[in-house]
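Work through the exercises below with the sequence and the coordinates open. Try each task before reading its solution.

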Amino acid sequence: MNRYLVATAGLSLLGLSVTACGASPSSSSTAPRAITVGTLYSGSGAFATSSQPQLAGLKFWISQENSKGGVYVGAYHKRIHVKLVTYNDQSSATTAATLYTQLITQNKVNVLVSDFGSVLTAPAVTIAQEHHQLLFDPTGTGTVFFTPGNKYIVLTALPTSGIWPAPLVQFLLAQHISKVAILYDSNDFDASQAATVDSGLKAGGVTPVYYQAVPSATASYGTLIQSIKATNPGAVLEFGYPPNDIAFLQALRSSGVHFPMVFTAFPGQLHQLLESNVGQAGLSYTYSYGFPPQLAYNTVNEGLGTSAFVQAFAPTDPASVNFLDIAGYQTGLVIQAALRHASSLSQLALRNAVASVSGSLNTIDGSFKIDSQGGQVGELLPVSQLFPSGSTTKIQMVYPPASATHSAVYPAP
Amino acid sequence: MAEPLLLVSDLTKNFGRFCALDGVGLDLGAGEVVGLVGPNGSGKTTLINVVSGLYPPTRGTVTLAGRPVHGGAPHTVVRSGMNRTFQIAKPLGGLTVEENLRLAGASAGHRPLPEGDLLQLVGLSGLQGRVAGSLNASQQKRLDLARALATGPRVLLVDELGAGLSPAELDQAAGILRQLAEAGMALLVVEHLMGFLAKVTRAVVVLNAGRQIFRGDLDQAVQDPEVVRVFLGG
Amino acid sequence: MPAAGFVVANAFYPNQQELVMMMVYLALAQGINVIYGFTGYLPFGYVGFFGAGAYGLALSVLYLHVPAGVGLLFAVLAAVAVAALLFPLLRLEGVYFAIASLAAAEALYEVISNPSLAAVTKGPYGINLVSAYNANASFVAAVALVAVSMGIVVYLRTSRLGLALRAIRSDAVSAEFAGINVVQRRTVAWLLSAAMAGAAGGTFAWYTSTFYPGAVFDSSISIFAIVFALFGGVGTTWGPALGAVVLFGVYNAVGISQPQYFQLIYGVLIVLLVLFLPGGLGSLVQRLAPRWRRLRRTPGRGPEALPGVGGPDG
Amino acid sequence: MLLEYAIVAGLLFGVFYAYLALGLNLIFGVLRIVNLAHGDLVMLGSYLAFELYYAWHWSPLLAIVVAVVPCILVGGALYLGVAPRLARAQDPEMMSLVLFFGISQVIEAIAAFGFTSNERSVSANALGSHPVGILGQAYPVTWVVVAAASVPVLLILFAYLGRTRLGRATRAVMASPDEAAAVGINVRMVSALTFGVGVALAVGAGSLAVFMLGGVTPTEGVSITILSFAVIVVGGLGNPLGTVVGGLVLGLAFQLTLTFLPNWASLVPYVLLLAVVLTRPTGVLSRARRLA
């Protein structure tokens, strides 16, 4: 028996030492040599297409600040170089949990930023709370993350799913559409969107004629479209992730079924991806949310305006800039404002600094405003419609009137 | 004769439309040895498989010392005191010889023979440490017999023990069976080798196409027209 | 002994999350050892018990307001209940059993994560046990999990039940004729293996405290546990434990430093493992051991490891 | 109305599912190897069709034919490399499960490098421009063309198995490799060829799958493999004809639940697989092998 003991003990130590990484210098009273920002990204898997541009936007902000000698830290009245630490969670929430802990306990990052979307943000919420680390959450909008007891989270680039769909509800009511069909994927993000629209419509006296959840892995929508057609709705809202929106719009086009209004969430956010998969015919006259950069904000008091950002971020191919690039950059701007106003680098000081700028920060992503639970209540996204232009489609804001750049065409031709 | 140890009555077994056993009856008293002979496919092995509990009978009963055992899983039959050997020995390959016997002994219903004597009886002493899978064919057959005996059976169904053994080993095997019978064990011996069978018992039952066509002394059997026709064809 | 190893490791390696995951996988690998190493059944849907355990703890904490420690009992009960429900699977052989258990685990996932059951299981919207979160207590639970799972395997290797299981694995028919109630013994191993996965699931749920159904029913968890057990060598006491510690260590090291190559390296590792080391590390150590023992000229016992891995028959 | 639509849709999908799963069944039936990388081969087929369509505007239907020869060569070589070692393992069937899981991980990793994880799809007008009317209802042109393309492939394979010398040899090896060897069939080469044909079927199905499964991503392999398993287990492991039945059963069950119980649609393959495997352990049509 004993020869095994030696082998196991030796190997397990080897196994452990291999994984031990050097811990970065802990923050002390004198100014740290660098501000470390830690985040995760998905190198592969379902969320890769959205996660990587978000990281690119954050990296762009860091390079901008480092080119000016680092980010200005109010507590030390000087600019400090920003170091970025990233790990690849391969779109898996379980792996992400291990890596978030790695960022906090091993790399001891000053600023923690979560990966794209609710699924990959969920593990970060409790881990950050338990380690008393403030979590900058760019796009994880699940309503369950924002609870009175948790001070350690700030939603930076998107409104919480609880209020985000408000403009869409008002648009439907304004168009007096009495029969609305809602098809949503059973995951955190889509379910809370659908629930918010459902309650908003009922408050306006409209009860959806079709309200159905389908598994997130659904890929064949042909039969579902027939069931929806049977209720002959005035508007069809499909809440999914990019693969679902693509499959839905493709099935809609190839089945020859026509609805007066079709809404999906991601064309506004990942225009090029949807365009390449669904094509002009499938996207024309469909509705989506209006996202920057199509939703332009050029009068800003923090960071670059929309046109300046697009030129600086992708000078050679401005059309390729999508909302997630801006979400990453926007998160950087919130960190920048927090570091400027914070009295120290402690996490609670950062949280208070973010609260102090809330309501007065106008950026490329709109006016930044958070509630007491860290949820984003500003940056409301208008309803947009895609119009054919040349061989592709162009996104125009159609509601609310204040940010409209084109009048809505209902019913769709 | 005292109440029979093993009583098989009207035992029938069909596999789909094929009738392998058709109303076979049999009884064995303590210490009694009966040979079971018949051409290939006459139902000899099926009889052992059904009596030992490997297959449930379609009809008929098997009672052991007055208690019915038919339809029960083999381990219930073993625990009530009856075991069998296999035509092709199937020892527990992954275990050592000693482990094979320790396991069988542990689940015995009756007082099993001590391991040392058992190994000595079947001629495997000294091989306790060997993994059963690494034994040669005849050693595996002996281990199979030892495994059956380790459960302390009062009735043993022996399926072609003689097959593949050398003349010397045949004598040895016959000696073992006689020794078991003298100790009071009832034996049903399925065999093709009449010479080997004659060394163990005079009483035979002849099966053909699932039916018992003769029971009695070996000498009479060879003159019985029906048996002759079945074996030699006529 | 390995349990103590982990306590020591925690002292100087603060990423507790990774250590807990390593301990969870060690228990799962030993669970595979119990069911595959001892009875020859390879459950490709082993994660079903893991997920059942995670939800057993989560729902008992959320609805019955039991402390998480007690929740672990509910985790084991939930997994054992699922195993009992899946008894008929034991009638199947080899490939059918592997694939059927995979389908059973996926079916269980679809039921638990279904929105129409959200009122009971929170459906696809995930579980949030922040109230029960206690990193140190759950770490201790993980260490206990390792100790218990190692203990179960040691018990099996030395007890009559273990011997009976190995007999069943060699030949179920002749095991029956050695007086072993094959169905009953196989069921005990099945329930024991499910209980171990359930406890591992409960410990994971308690430690991470927020998870989506997809995280605890991820089919790669079954595959990881199987590969860790095979890499270490099934049928032995230390094999699967060794496999879990070494392979999970490599998994994390590679996963953190060069993630994009991770899946490629991992796939190639599995292919090489099956082609060149089917018996796992155990068989390697076993092949080296005789030479080593001859050097030390001490009387060695029979080879501990089974010669390779056997399939169920009978 | 909805019912007829679901039934016709079910049959169209069913024929496609049969083609999708046929390669997996052939490889298991003849070689007793469980190819867990089957779904990933289908995914490669989809990418092949995508590249051929966008690079040279070849129709995906052409991609099926183009893929046959290279797949047979690659598949055969892979088999000859792997089989001898696999046969030596004590438990070949289980080892093939784990081995091909490893291979599926390698394929997935390489696909993720080569094609990034962005969703790729081929526009429907690669197959036709407007919906097809069946029994008074309009069906997507892609469904009809894919089903129509699957039928000849199934017929060709059954003809190959039924009437050609190699086909009969394959069926002999499927029945019993030893007896096949005894009558002078070169079992190694027939097995290698069969494995190649299995791979060609999977890759070929991929070029149609890109339409039926809403595009292709590197990670879709696992779900396709499980779906294919449900088809062949329902139809009978090792029985090519059974796969057609299995495909139709799956197609109908899936479309009907999508119509009437959408919430529970993804439960269908698993429930069917479990139901069949527990009642008829070797599948609906499979030869009732007497279990010892």
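The model is predicted, so local features need pLDDT of at least 70 and side-chain atom pairs count only at pLDDT 80 or more, while totals for chains, interfaces and linings use all residues. Residues are numbered from 1 along each chain as its sequence is written, and chains are lettered from A and ligands numbered from 1 in the order in which they are written.

**Exercise 1. Chain B and the other chains**

Task: Describe the side of chain B that touches chain C, and state how chain B stands to chain A and to chain D.

Solution. Step 1: Apply the contact rule, by which two residues are in contact if their C-beta atoms, placed from the backbone, lie within 7 Å. Between the two chains, 25 residues of chain B meet 20 residues of chain C.
Step 1: Find the elements, taking helices (H or I, at least four residues) and strands (E, at least two) as DSSP runs numbered from the N terminus. At least two residues each come from helix H2 (74-79), strand E6 (82-84), helix H3 (97-106) and helix H5 (137-150) of chain B.
Step 2: Sort by class, with Ala, Val, Leu, Ile, Met, Phe, Trp, Tyr, Cys and Pro as nonpolar, Asp, Glu, Lys and Arg as charged, and the others, Gly among them, as polar. This side of chain B has 12 nonpolar, eight polar and five charged residues.
Step 3: Chain B does not touch chain A, and their nearest C-alpha atoms are 19 Å apart. Chain B has no contact with chain D either, the closest C-alpha atoms lying 11 Å apart.

**Exercise 2. Two domains in chain A**

Task: Locate the domains of chain A and describe the side of domain 1 that touches domain 2.

Solution. Step 1: The domain assignment gives domain 1 (29-161 + 298-368) and domain 2 (166-294 + 381-403) of chain A.
Step 1: Taken over C-alpha atoms, the centres of these two domains of chain A are 29 Å apart.
Step 2: In chain A, 20 residues of domain 1 are in contact with 17 residues of domain 2. Helix H4 (117-130), helix H10 (306-313) and helix H11 (323-341) of chain A each give two or more residues to the domain 1 side.
Step 3: That side of domain 1 of chain A divides into nine nonpolar, 10 polar and one charged residues.

**Exercise 3. One residue of chain D**

Task: Is Leu97(D) buried or exposed, and what does Leu97(D) touch?

Solution. Step 1: Leu97(D) is found in helix H4 (residues 92-115) of chain D.
Step 1: Leu97(D) has 24 other C-beta atoms within 10 Å and is therefore buried (buried: 20 or more other C-beta atoms within 10 Å; exposed: 12 or fewer; partly exposed: in between; C-beta atoms placed from the backbone).
Step 2: Not counting residues up to four places away in sequence, Leu97(D) touches Phe44(C), Ala98(C), Val34(D) and Leu36(D).

Methods. Domain bounds come from an automatic or database domain assignment.
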